[in-house]
Structures are given as structure tokens and as C-alpha cells.
Amino acid sequence: MRSAGFASGAIVALALAWNAGPTINAASAAEPSKAELDAARQALEKYKDPYVAIRDLYLSTVGCVHYTGEKIEGRMEYPKGAMGVHFVNLTVKGPPDPTKPNVLVYEPGADGKLTLVAVEWLVPMDAVKERPTVLGQPFQGPMEGHEPLIPKEFAHYDLHAWLFKDNPNGMFSPTNPDVTCDGYPFTLLEEPTKMVHPH
């Protein structure tokens, strides 16, 4: 699948870009304030238009990712629901910034329109000495890459934030039961990703 090949290459490039930069450490965990969340939303509001996202080098991985909710020992736990279509920006580097995620997540509508629902910060495991945090939240992982969009060799931490759509499972859950890939021609039903041991 051509789109998967593009996405895999993009994620490998992201890993190389991260690894060229300084390592980062985790901050202490705390609930984000309304002001912090509002500041992030305000900074990212322009990306409700996916064309603006593309102009700012957020590139679509095409597939709409969703999960059955199946629990498998030794793998990440993804509640039943979807993530959506990920747009990855290879130019975003350095410590996770609430206003500059390296991934935007869109829900495809029945009319083909993409609606911004969440953002994601994705950090290669080799780029950090300990679990990173953003908005006071510890990242999930470390885990293998999400095949077929990300090569399994790409061990990483990640964190989703549903800044633009309510999530019954919580703001920082990886999946949202109210997001759907139904009717979208490029759906990807993924298996839960394998956990890996940090170095």
C-alpha cells in the first residue's frame, strides 16, 4: 500500500530528526489547568482546516486507525474506539510542547470532510532518558511502532489529547468511542501495539 510506505518513511525520518537533538527528561505529573488547555486549543485552532495543517508540513498518513478493544497480554490497552487519521509533522523537534504537537488527528466525516479531534505527541524511546510528560501527563509506552503505518522497530512513547472532541474515556485516552472510521475508504483496524522495555 503506497500510503503506508510513505507513512513508514515519514516516521523513520521523524525518529532520525529526534535523535539528532538533545535528550529530554520527564517533568512531574499533574492535571493540566483550564488555562493550559485553552492555550493549546487556541494555538492549534487554525488546524481545523486540514489545508492549513498541510501548509505547515503536517502530512497525512491516510489510514483511519481504530481498535476493537481486545486486551492482549504484553501489549498496549486500547479501549474500543478510533483514533482517526494522523497527520505527522517531521519538523517539530525538542521537548514536547503543548502548543506544538508533532501529530494532528482528524475524524473523517460521511461527506469526506476531515474534522480535527485530537493531537498527539510522539517521542522516540532513544531520544529520552525517562518517560516524557506534557500538560502534566505521563506518556504511554514505550511501545513498538504501529504497523503498517509505523515500522514496529520504531520504539516510542506517545500521548493523545482530545482537545477538540469530548472523549467519554477521558481527555488523554488513546482512543475515543465517539470517533468512527465508518464509511471512510482507508480504514485500519490495528492490533494493540507490543510494549517494549526501556533501555
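Q: What is the strand order in the open sheet of seven strands, and is this a predicted model or something else?
A: The model is predicted. The order in the open sheet of seven strands is β7-β8-β4-β3-β2-β1-β9, and the pairing is mixed.

Q: Which strands stand at the edges?
A: Those are β7 (140-143) and β9 (187-189). Each has a single partner strand, so one side of each is left without a neighbour in the sheet.

Q: And what does the twist average from one strand to the next?
A: The average is 35°.

Q: Staying with the sheet, in what sense do β3 and β4 pair?
A: Strand β3, residues 103-108, pairs with β4 in the antiparallel sense, over six bridges.

Q: How many bridges join β4 to β8?
A: Six, and the two strands run antiparallel. Pro-124 has His-156 of β8 as its bridge partner.

Q: What about β7 to β8, how many bridges there?
A: Two bridges, again with the strands running antiparallel. Met-143 has His-156 in β8 as its bridge partner, and His-156 is also the bridge partner of Pro-124.

Q: Is β8 buried or exposed?
A: Buried: six of its six residues are, so β8 is largely enclosed by the rest of the structure.

Q: Which residues of β8 point which way?
A: His-156, Asp-158 and His-160 point one way, while Tyr-157, Leu-159 and Ala-161 point the other way. All of them are buried.

Q: What lines the largest cavity?
A: There are 16 lining residues, and His-86, Glu-120, His-146, Leu-149 and Ile-150 lie nearest the centre. By class, the lining has nine nonpolar, four polar and three charged residues.

Q: Which strands supply at least two residues of that lining?
A: β1 (58-67), β2 (81-89), β4 (114-124) and β8 (156-161) each do.

Q: And the largest pocket, what volume does it have?
A: About 200 Å³. Its lining has one nonpolar, three polar and seven charged residues.

Q: Which residues are those?
A: Arg-75, Glu-144, Gly-145, His-146, Glu-147, Lys-152, Glu-190, Glu-191, Pro-192, Thr-193 and Lys-194 line the pocket. His-146 is also one of the residues nearest the centre of the largest cavity.

Q: Switching to aromatics, how many pairs does a search of the whole structure find?
A: Four. One of them is Tyr-67 with Tyr-78, a stacked pair at 4.2 Å centre to centre with 25° between the planes.

Q: What does that pair tie together?
A: Tyr-67 lies in strand β1 and Tyr-78 in the loop between β1 and β2, so the pair ties together parts that are eleven residues apart in sequence.

Q: Where does Lys-80 lie?
A: Lys-80 is in the loop between β1 and β2. Its relative accessible area is 61%, so Lys-80 counts as exposed.

Q: How far apart are Lys-80 and Thr-68 in sequence and in space?
A: They are twelve residues apart in sequence and 4.8 Å apart in space, C-alpha to C-alpha.

Technical notes:
Residues are numbered from 1 along each chain as its sequence is written. This is a predicted model: local features need pLDDT of at least 70, side-chain atom pairs count only at pLDDT 80 or more; totals for chains, interfaces and linings use all residues. Side-chain values use heavy atoms; hydrogens and water are left out. On a 1 Å grid over the protein atoms alone, a cavity is a set of points where a 1.4 Å probe fits but cannot get out, and a pocket is an open set with protein on both sides within 12 Å along at least five of seven lines; lining residues have an atom within 4 Å of a point. Helices (H or I, at least four residues) and strands (E, at least two) are DSSP runs, numbered from the N terminus. Ala, Val, Leu, Ile, Met, Phe, Trp, Tyr, Cys and Pro count as nonpolar, Asp, Glu, Lys and Arg as charged, and the others, Gly among them, as polar. Grid points are joined across faces, edges and corners, and a volume is the space filled by probe spheres set on the points. Rings of Phe, Tyr and Trp (its six-membered ring) pair if their centres lie within 6.5 Å; planes under 30 degrees apart count as stacked, over 60 as edge-to-face and the rest as tilted. Two strands pair if DSSP finds at least two bridges between them. Axes are lines fitted to C-alpha atoms, for helices over the stretch in contact, and angles run from 0 to 180 degrees between N-to-C directions. Buried means under 20% relative accessible area, exposed over 50%, partly exposed in between (1.4 Å probe, protein chains only).
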